[in-house]
Amino acid sequence: LMLRSMFTAISSLNLHQEYLDVVASNLANANTVGYKASRVLFQDQFAQLLSPGSAPTTARGGVNPTQVGLGVQMGYITPNFTQGMMQNTGRNLDLAIQGDGFFIYNNGTERLYSREGSLSFDSSGYLVNTASGLRIQGWMADTSGAIDTNLPVGDISVATDHTIARATQSAVIDGNLNSDTAVGGTISTTMGVYDSLGDLHTVTVNFTRTSATDWSWQIDPADGAGGGTMTFGADGQMTGMTTATAINIPVTGGASNINMTLDLNDLTMLSTETSAAISSQDGLPPGTVSDIYVTPGDGSIYLIYTNGMRETVGQLAMARFSNPEGLIRSGSSSYEQGLNSGEPEIGVANTGGRGAIASSYLEASNVDMAQEFTNMILAQRGFQASSRVITTSDEILQELVNLKR
């Protein structure tokens, strides 16, 4: 009997030591980004059956079984995947997940899953985890900027030394054509448009009054081709464009010719000085990459250029597990797929039960320090009580040995 109690107490000592180890790990990671605190569940050890008891009869009642417990065993140690607090960092490539799911990383041989999303670009242009250097997984955009999320995920590589321009495709001229202009009179205005290489070209547009209500417009032949006619009502407002042709501006130096449309619908013909001028055009001069932007929600990745252009380059992938507590910790705040975690459900963030991506935020550890210090006290007292059982058992054994003096 004495030996049984000692071994029971020893099992308790071992378990409470493991309990304290878990508490220590949780407290050590109280400030670790994306860390999920572990919790411990104890179970009683099997019990020795001293008497099976008996069933009741017509004359006597039943007797309950007699059992002696033989200690305690570990039930499980599992991470708690409750949401951690979102911490604003002001850095666009710091990402957090609001809801369920994991970022996907590749260490060269296997996929790892993590809630930690502090990203940066390495010298090769790959988007990687800042701390570990693991390459985050997602989809790359094609040359047209389209992303096919049905393809397998892969590394995201972005060239940040691009220079890009955009040719003018449309322009708007508004203002007034002086109604005092004589029939046959011409008014000219100039507009600046860009070719596919970002060079600026000055194009003259000639407006000629052909009747009391009609005007024709034409690109100056020295600059290109294109033209049409306009009709104004008695109130000086345009009533329609009767004919129009596409504008073609020939250029040299390797750029494509400028093919564009001209919106003149806001022109007026009033008895005041001429003010017709270009008000907008959609071409842009050459620009270099000034920033990288990850959209909140779905994790699309854009390059922002100094000329205001935005280019889609990729999209982050996210994984979701039916049982995330079945994942295996692999260090660096990451996890491996476990036998009981289920297969990863990979897709776009904010779809299919996966959480939304929060840009410029990191998810703090979900360790509850007050709870952990309480658990520390419980582990200490449980260890202390078990040690007292061993001491008491030893004293009783000593008395047994001393029966014969």
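Predicted model: local features only at pLDDT ≥ 70, side-chain atom pairs only at ≥ 80, totals over all residues.
**Exercise 1. How many residues does the largest nonpolar core have, and which of them have the most contacts inside it?**

Residues are numbered from 1 along each chain as its sequence is written, and side-chain values use heavy atoms, with hydrogens and water left out.

*Solution.* Start from the term: a nonpolar core is a set of buried Ala, Val, Leu, Ile, Met, Phe, Trp, Tyr and Cys residues joined through side-chain atoms within 4.5 Å, where buried means under 20% relative accessible area, exposed over 50%, and partly exposed in between (1.4 Å probe, protein chains only). The largest such core has 26 residues, and Met191, Phe207, Met230 and Leu267 have the most contacts inside it. Strands that each supply at least two residues of this core include β15 (186–194), β16 (200–209) and β18 (227–232); strands here are DSSP runs (E, at least two residues), numbered from the N terminus. A second, separate core has 25 residues, among them Leu95, Leu134, Val289 and Ile301.

**Exercise 2. List contacts of Leu267, leaving aside its neighbours within four places in sequence.**

*Solution.* Contact means heavy atoms within 4.5 Å. By this rule, the partners of Leu267 include Ile173, Asp174, Phe207, Met230, Met238 and Ala276.

**Exercise 3. Classify the ring pairs Phe81 with Tyr335 and Tyr113 with Phe321.**

*Solution.* Rings of Phe, Tyr and Trp (its six-membered ring) pair if their centres lie within 6.5 Å, and planes under 30 degrees apart count as stacked, over 60 as edge-to-face and the rest as tilted. The count by this rule comes to 6 aromatic pairs. For Phe81 and Tyr335, the values are 5.4 Å centre to centre and 55 degrees between the planes, a tilted pair. Phe81 lies in the loop between β4 (72–79) and β5 (86–88), and Tyr335 in strand β29 (residues 334–336), 254 residues apart. Phe81 counts as partly exposed because its relative accessibility is 23%, whereas Tyr335, at 2%, is buried.

The ring centres of Tyr113 and Phe321 are 4.9 Å apart and their planes stand at 85 degrees, so this pair is edge-to-face. Tyr113 belongs to strand β8 (residues 111–114), and Phe321 to the loop between β27 (318–320) and β28 (328–331), 208 residues away. Tyr113 counts as buried at 3% relative accessibility, and Phe321 likewise at 1%. Ring pairs link Phe81, Phe102, Tyr113, Phe321 and Tyr335 into a cluster.

Note on methods:
Helix = DSSP H or I, 4+ residues; strand = E, 2+ residues; numbered from the N terminus.
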